[in-house]
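Let's take a walk through this structure together. Have a look at it first, and then we'll go through it step by step.

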Amino acid sequence: MNQGTTMDYRDTLNLPKTAFAMRADLPKREPDRIEWWREHRTYERRLQRNASGGSWTLHDGPPYANGDVHMGTFFNMVLKDMFVKIALLDGKFAKFVPGWDMHGLPIEYETLKHLGVQDFHSIDPLELRAKCKERALYWLDRQRAQRIRMGNFGLFEHPYRTIDPSFEATIVNALADLADRQQIYKGLRSTLWCIHDETALAEAEIEYEQRLSPSIYVRFTANDEQRRRILNVMLRQAQEDTGSGAVGPVSVLIWTTTPWTLPANVAIALRPGASYGLYQVGGEAVIVAESLAPHALGDRFAQAKLIGRARGDRLDNLAVRHPLMDRDSVIVLADYVDMETGTGAVHTAPGHGADDFDTGMKYGLPILNPVDATGHFTAEAGPYAGLQIFAANPVIVDDLRRNGALWSAAEYEHSYPHCWRCHNPVIFRATAQWFLAMDQNLLRQHAIDAIDAVEYTPEWGRVRQRQMIETHPEWCLSRQRTWGTPIPALICTACNESVLDPRVVRLAARRFAEAGANAWWSDPVEVYLPEKFVCPSCGGTAFAKEMNIVDIWFESGVTHLAVLGRDGLAWPSDLVLEGGDQFRGWFRSSLVTAVAIKGRAPYRHVMKNGWVNDEQGRPMSKSLGTGIDAADAMAKWGADVLRLWAASVELVDDVRFGPHVVEQVGRVYRNVRNRIRFMLSNLDDLGPSDVVARDEMEPLDRLARAVTDAFVAEVKGAYDRFEIHDAYLRIVDFESTMSGLYFDALKDPLYSRAIGDARRRSAQSALLYVLTRFLTAVAPVLSFTAEEAWQSLSEALRGDDESVFDTAFNVAHLRPSAFASDLALWEELRALRARVAASEDPRDFEAQLRLTVTPGLHKRLAGLGDNLREALVVSQLELRSGEADASDGVIAFELLPAQGAKCARCWKYRELGTDPQHPQICADCAAVVRALTGRAP
RNA sequence: GGGCCGUUAGCUCAGCUGGUUAGAGCGCAUGCUUGAUAAGCAUGAGGUCCCUGGUUCGAUCCCAGGACGGCCCA
């Protein structure tokens with residue numbers, strides 16, 4: 001009976017109602033949102049509206065168009081999107097042009113593999129290029145779909161692509177600019193070379209196989225002058241006094257497994273910090289690293305006597321004689337010198353090793369290359385000319401033995417690089433390549449100076465960046481491959497010299513702009529010859545095209561020239577944001593090209609995001625199967641939960657990702673979602689004309705508004721400092737404080753008052769304010785959910801703002817200092833409410849509260865009127881002012897059983913039965929019910 | 001092996017220039033609610049602030065060394 005009556009009254013309440021589902025179903029729902037944004041051109045239209053709001057540009061570092069997007073890339077891309085949206089909601093012209101890096105070896109390999117082509121020389125270059133383009137576009141489409149699926153905003157229909165003719169023209173024009181400044185030269189470089197296939201190889205074309213090599217220890221003996229200098233540094237004082245004549249000849253001992261590289265030796269590398277010993281052995285003295293001496297000197301170590309020592313760096317720039325050739329071998333320093341094998345003194349032939357080459361460049365050593373493409377010694381090798389290099393090994397060892405330079409010889413089985421196609425051992429061989437001169441025109445120094453004008457997050461990135469420039473080797477720009485942008489150099493057919501003439505290069509740029517870079521393969525050379533062009537070396541007039549392509553790091557290094565400074569985008573960009581590996585990669589390549597060509601950094605702010613590791617903090621790896629595909633993750637959990645995850649971690653640090661982490665952030669997501677849902681469900685009956693202005697709101701509602709303003713201002717402040725995680729914490733804190741205090745307080749007024757009651761409309765108006773401001777604040781992170789909620793508001797309430805991305809933070813006029821007293825009062829209410837809620841008997845409406853507080857607090861609380869009782873969720877409240885001391889202002893807090901009985905409708909304890917028709921409910925409720933049923937009392 | 005970075009509750013993170021009973025959210029436990037209900041509220045238990053030294057009246061915070069983890073390079 002009673003049950004029935006109660007149920008009747010339940011029907012007279014204004015209970016929450018909304019179509020905004022409690023279950024998110026993100027994987028299912030999100031694609032509809034994307035479609036809606038696309039149809040409504042939400043991003044483009046907001047961009048247009050912001051045209052006069054000042055521009056803010058995040059320049060996209062181009063991902064490589066190969067493979068699907070993994071979680072590391074997801075993290076980076078979603079963070080970029082958050083910053084773009086923050087600027088957008090801030091009224092900025094935040095144009096984001098996504099880009100792709102589409103040339104290069106990985107795609108060329110993949111394509112060749114796809115085509116089943118073994119030797120890239122055997123396929124027509126234009127055909128190969130066409131297939132590579134297809135492949136690159138295939139990956140671009142996939143990656144683009146994945147980026148769009150993340151909810152990212154940007155001009156995805158018009159991305160920049162390094163394969164576009166206009167982009168290729170930019171690359172080539174950049175080369176022309178550099179050639180103009182004499183910044184580019186042709187020089188030698190050590191590359192992997194297969195003497196069987198007569199071609200350069202890339203790292204990826206190498207397979208390691210076991211190979212038996214000669215293992216020899218060789219003396220490099222000093223002449224008299226060299227010996228004197230070495231002893232000067234190494235010999236102990238006492239020994240020197242007794243006369244160095246007793247020491248005998250002095251040699252540096254080296255170890256090698258490639259005797260054929262000795263003719264190209266020009267130096268011996270020592271480790272700067274290592275200690276080298278001078279060992280007297282029989283009638284001579286040899287120098288080896290002390291820690292390696294027992295191993296290096298072999299059975300002669302027992303009779304060896306340490307008579308001197310020096311740190312490697314003290315021997316820098318001394319010299320010894322080459323054991324085979326009539327020249328010196330200089331002692332140099334190198335960090336890579338291995339202290340596990342050999343002698344700690346490394347035979348250095350810059351023509352035959354990558355490290356050796358770098359050291360050679362650093363010391364300005366000659367790059368000897370006495371080996372031709374087929375692996376035979378040239379005349380430069382003197383007595384060995386004409387010999388095949390591996391056949392020369394025993395000959396060289398014999399010569400060393402004969403002239404007394406051989407310390408010991410053995411055989412050695414080790415893992416050695418072989419050609420993946422013909423399985424012959426490969427060699428390092430110096431070949432002519434185009435270089436960007438790092439020190440020409442003080443480029444390196446200017447680049448280092450340019451770093452000072454850039455902001456770095458984290459700040460230590462600046463140091464990292466500086467080191468990367470300081471240690472930047474000469475930049476090898478050329479590659480002997482097919483899938484890329486040509487370096488339009490000419491070869492004089494008369495003297496065989498290569499020419500990179502700016503006029504030629506600019507002709508090529510113009511040609512590529514209209515026809516694409518394929519033209520370099522299809523055009524006759526005449527197309528690229530300026531009038532009256534002659535070879536600067538010999539005056540010749542006949543030329544051939546040189547078939548080199550440019551390093552793809554150069555291509556991505558000029559994206560700022562291709563994308564910025566046009567179409568409303570400013571140069572330099574305001575922000576670049578990439579993983580930490582890009583200090584050596586794109587941050588560096590962009591900086592070098594920008595400083596060389598425009599004299600300053602191409603960005604104002606460099607931000608680095610952390611690496612995404614698995615849940616144990618280990619790197620994710622495809623081979624271990626611990627990598628997670630972004631598309632899979634979005635299909636499983638939805639993009640918004642993953643976006644919230646990206647906001648919940650410290651973006652600068654390395655972060656962890658996995659199912660357990662997602663589950664946790666998923667619970668936070670559900671909290672946020674439910675609180676949004678609560679607000680929406682109480683706005684169902686609110687029309688625009690019902691909304692009351694701030695000044696007409698009840699005090700508690702005005703307070704909630706103020707707290708919301710403070711929240712939005714704080715979140716905006718965090719966004720402005722690029723501290724997404726800080727914003728995340730504030731968002732979580734805000735929705736939980738709103739839910740715990742305010743929503744609970746509003747339930748009674750919202751549910752039990754008459755629909756159009758002023759108290760109720762005030763509460764709803766405040767809720768509308770809280771909700772809309774909250775949605776704007778979270779939209780950069782929870783883009784899908786914020787938009788879904790926005791669309792769940794009635795069109796009338798949305799007003800002119802069709803999308804949540806049409807709204808604005810709108811906090812410029814707010815003064816955070818003005819919030820202090822409101823926030824303090826809010827916290828006082830929270831503390832009081834917590835004391836009520838903690839009580840079990842009587843609890844909430846079962847209670848009446850006698851509250852005695854200090855005069856100061858009394859004044860603040862009294863200002864709330866009956867809203868104070870609502871906020872504390874009690875049936876009656878007696879507020880008194882007292883004089884005692886109390887740190888929190890509360891002198892007495894007495895919860896007593898409420899007066900009256902529980903109203904069957906509003907659940908407050910009131911005097912019941914004033915309306916005989918409704919004996920179980922209070923007078924206020926009876927009035928509402930009567931109004932509903934149309935009967936006067 | 002080198003350069004750089006990190007290490008605070010089970011998890012994600014706060015802790016401003018050295019002095020706090022070291023905090024929050026999630027999870028967990030307990031209680032309440034059943035008119036946000038595959039929701040909501042309250043309370044509580046969880047920490048030798050990686051380790052070892054040093055500076056200091058006093059260090060999670062400064063310095064040195066080490067351990068573990070990561071990125072880049074070798």
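How many salt bridges does the structure hold? The count is 66. Keep in mind that this is a predicted model, so let's pick out a few of these pairs and see where they sit.

Start with glutamate 788, which makes a salt bridge to arginine 29, with 3.5 Å between the closest N and O atoms. This pair ties together distant parts of the chain: glutamate 788 belongs to helix α26 (residues 783-792) and arginine 29 to helix α2 (residues 26-40), and they are 759 residues apart. Are the two partners buried or exposed? Glutamate 788 counts as buried, because its relative accessibility is 8% and the limit for buried is under 20%. Arginine 29, at 25%, is partly exposed.

Glutamate 35 has a relative accessible area of 32%, so it is partly exposed.

Now find arginine 311, whose salt bridge with aspartate 313 brings the closest N and O atoms to 2.6 Å. Arginine 311 is partly exposed at 46% relative accessibility, and aspartate 313 is partly exposed too, at 31%. Salt bridges can also join up: Glu714, Arg721, Glu723, Asp726 and Arg730 are linked in a network of them.

Next, turn to RNA strand B.

You can look at some of the contacts one by one. Aspartate 654 has a polar side-chain atom 2.3 Å from a sugar or linking oxygen of RNA strand B. For arginine 843, an N or O atom of the side chain is 3.0 Å from such an oxygen, and for arginine 464 the distance is 3.4 Å. The largest share, nine residues, comes from α22. As for the make-up of this surface, its residues divide into 19 nonpolar, 11 polar and 19 charged.

Definitions and conventions
Residues are numbered from 1 along each chain as its sequence is written. Chains are lettered from A and ligands numbered from 1 in the order in which they are written. This is a predicted model: local features need pLDDT of at least 70, side-chain atom pairs count only at pLDDT 80 or more; totals for chains, interfaces and linings use all residues. Side-chain values use heavy atoms; hydrogens and water are left out. A salt bridge is a side-chain nitrogen of Lys or Arg within 4 Å of a carboxyl oxygen of Asp or Glu. Helices (H or I, at least four residues) and strands (E, at least two) are DSSP runs, numbered from the N terminus. Buried means under 20% relative accessible area, exposed over 50%, partly exposed in between (1.4 Å probe, protein chains only). A polar contact is a pair of N or O atoms within 3.5 Å; within protein, one must be able to donate a hydrogen and the other to accept it, and residues adjacent in sequence count only if both atoms are side-chain atoms. Ala, Val, Leu, Ile, Met, Phe, Trp, Tyr, Cys and Pro count as nonpolar, Asp, Glu, Lys and Arg as charged, and the others, Gly among them, as polar.
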